[in-house]
Amino acid sequence: MFSKINSMGLFGLNAFSVDVETDIRMGQPAFEIVGLPDTVVKESRERIKSAILAGGLKFPNARVMMNLAPADTKKSGSVHDLAIFMGILTAMGVIGVDTDDCCFIGEVSLNGNVRHVNGVLPMTLTAMKSGIRKIFVPADNAFEASVVDGIEVYGVKSIIEIIAHFTGGKKLSVCDRYSPAPLPDMNIPDFSDIKGQHSAKLALEIAASGGHNVLLIGSPGSGKSMLAKRLPGILPLMTFEESIETTNIHSISGLIEKDTPLVTVRPFRAPHHTISAAGLAGGGTIPHPGEISLAHNGTLFLDELAEFDRKTLEILRQPLEEQKVTISRASGTITYPSSIMLVAAMNPCPCGFFGHPKKRCICSHKQVANYLSKISGPLLDRLDLHVEVAPVEFSHLSSTKKEESSASIRKRIQAAREIQNERFRGTGISCNARITSSKLHEFCPLDNEANSFLCGVFDVMGLSARAYDRILKVSRTIADLDGSEVIKKRHISQAVQYRSLDRKYWNQEG
């Protein structure tokens with residue numbers, strides 16, 4: 001007998017429909033799977049045989065031929081186990097109901113339990129768009145799948161449950177659609193803990209408001225890491241679309257929590273400086289997301305920036321410009337989104353005290369130059385704000401004055417981001433930092449005084465075209481925080497101040 005069961009495959013973030021075709025006929029007993037299966041898929045034969053016996057059934061003493069169509073697309077992982085199991089039972093006649101509008105995803109264990117698999121959310125989204133109305137997934141993945149509207153989700157714990165569901169026994173219940181809870185308590189350190197550093201706090205407020213990349217440079221102990229680690233507490237709320245995009249990436253990476261399947265808090269990734277290029281950008285035989293993509297719609301924090309391998313850092317250049325990472329392998333080419341806010345922190349020299357107002361730097365001119373040269377000009381040019389984090393004064397440390405809280409700062413940032421959401425509605429632009437060159441002058445109008453000032457700055461500082469664009473975008477954010485639709489001279493002036501440290505440190509003019 002012949003049967004066809006719907007399943008889903010996954011390559012990177014791209015899910016695709018798979019038809020599990022089963023043909024059982026008389027002949028020498030055999031169980032073959034064709035259709036470009038990888039080793040894990042082939043091993044499902046032993047898992048399915050054992051699971052069928054565990055379910056009180058008898059594996060057919062016949063020739064079982066199974067094809068995973070389309071046959072020219074590689075199938076990988078254990079996600080097809082449940083569909084293969086259903087295909088055999090349907091071809092045997094154990095299950096006789098129509099399953100054309102159903103899809104089956106899940107790994108089957110030897111004792112018949114159905115185990116968690118990665119990537120259920122993107123597969124469920126694709127199944128819904130392809131016309132599937134019911135999807136059967138492992139019980140541990142049911143909440144994740146229920147994020148998708150327009151499809152009935154059934155959580156399966158064992159093959160006994162699914163056999164009963166289709167043979168007149170106890171029916172499986174449709175999983176309630178997951179609705180995100182109010183923003184959880186993230187237990188993030190608060191900005192009120194940091195004494196002083198008002199200029200650095202303001203710079204991070206601007207960066208968070210517009211999604212801008214920022215470099216924090218200063219001596220050891222000045223508070224660079226403390227500032228960066230408090231950034232998640234002031235980031236604007238995620239939209240539902242951003243949550244879905246981010247959850248897709250975390251889903252295929254196996255980072256989704258069973259009880260909180262939707263990512264509703266912007267990611268904050270902080271890899272160690274020993275990370276490899278593949279760890280940062282992604283890689284593997286079947287390329288998996290790297291830290292750049294796992295931080296999508298959130299923050300990538302690189303502490304001790306100059307300690308990273310220079311070749312690894314240079315990988316950032318294209319993703320920062322295009323908001324995506326493309327990885328090519330023999331198995332195919334995968335593109336992962338990487339719309340991130342890069343926050344980097346570093347010392348100005350190996351000893352850390354070059355340019356310090358009170359402590360003497362013991363590094364030679366060549367050592368300082370070699371240390372700073374680890375950050376290339378093109379990468380530095382892609383960092384919108386260059387912020388000097390000065391040593392904290394005793395008067396600030398000993399002050400009993402209460403500093404502004406993260407919640408208070410976040411209110412201003414959220415208000416500025418809502419202005420941007422309204423401005424960019426229907427354009428595909430998410431924030432000021434993502435304004436395209438073609439839309440720059442439409443969304444960044446300058447008054448005459450601001451335009452004249454920027455013209456003079458461009459000539460005096462010898463700015464690149466990219467630096468000019470980024471100054472305009474930062475000015476747009478400063479104007480939004482100021483409640484001004486038109487960019488004024490004071491907004492340009494403040495933005496220009498955040499482009500001067502490359503001249504102080506990299507050209508060593510101070």
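**A few residues and a pocket**

Mentor: Let's begin with a histidine: leaving out neighbours within four places in sequence, His356 is in contact with Ser219 and Pro391. Keep in mind that this is a predicted model.

Trainee: Okay, and where does His356 lie?

Mentor: His356 is in the loop between β17 (341-346) and α14 (365-372).

Trainee: Is His356 buried or exposed?

Mentor: Buried, because its relative accessible area is 19% and the cut-off for buried is under 20%.

Trainee: Which backbone nitrogen lies 2.9 Å from a polar atom of the His356 side chain?

Mentor: That of Lys358. The backbone nitrogen of Lys359 also lies 2.9 Å from a polar atom of that side chain.

Trainee: Switching topic, what about Ser251? Where is Ser251 found?

Mentor: Ser251 sits in helix α9, which covers residues 240-252. Ser251 counts as buried because its relative accessible area is 2%.

Trainee: And what does the side chain of Ser251 reach?

Mentor: The Ser251 side chain reaches the backbone nitrogen of Val120, at 3.3 Å.

Trainee: What else does Ser251 touch?

Mentor: Not counting residues up to four places away in sequence, Ser251 touches Asn118, Gly119, Val120, Leu121, Pro122, Glu144 and Ile256.

Trainee: Let's follow Glu144, then. Where is Glu144 placed, and is Glu144 buried or exposed?

Mentor: Glu144 belongs to helix α5, residues 142-145. Glu144 is buried, with a relative accessible area of 4%.

Trainee: Which residues is Glu144 in contact with?

Mentor: Setting aside neighbours within four places in sequence, the contacts of Glu144 are Gly119, Val120, Leu121, Ser251, Ile256 and Pro261.

Trainee: How many residues apart in sequence are Glu144 and Arg425, and what is the spacing in space?

Mentor: They are 281 residues apart in sequence, and 28 Å apart in space from C-alpha to C-alpha.

Trainee: How do the lining residues of the largest pocket divide into nonpolar, polar and charged?

Mentor: The lining of the largest pocket has 7 nonpolar, 15 polar and 13 charged residues.

How values were computed: Residues are numbered from 1 along each chain as its sequence is written. This is a predicted model: local features need pLDDT of at least 70, side-chain atom pairs count only at pLDDT 80 or more; totals for chains, interfaces and linings use all residues. Side-chain values use heavy atoms; hydrogens and water are left out. Helices (H or I, at least four residues) and strands (E, at least two) are DSSP runs, numbered from the N terminus. Buried means under 20% relative accessible area, exposed over 50%, partly exposed in between (1.4 Å probe, protein chains only). A polar contact is a pair of N or O atoms within 3.5 Å; within protein, one must be able to donate a hydrogen and the other to accept it, and residues adjacent in sequence count only if both atoms are side-chain atoms. Contact means heavy atoms within 4.5 Å. Ala, Val, Leu, Ile, Met, Phe, Trp, Tyr, Cys and Pro count as nonpolar, Asp, Glu, Lys and Arg as charged, and the others, Gly among them, as polar.
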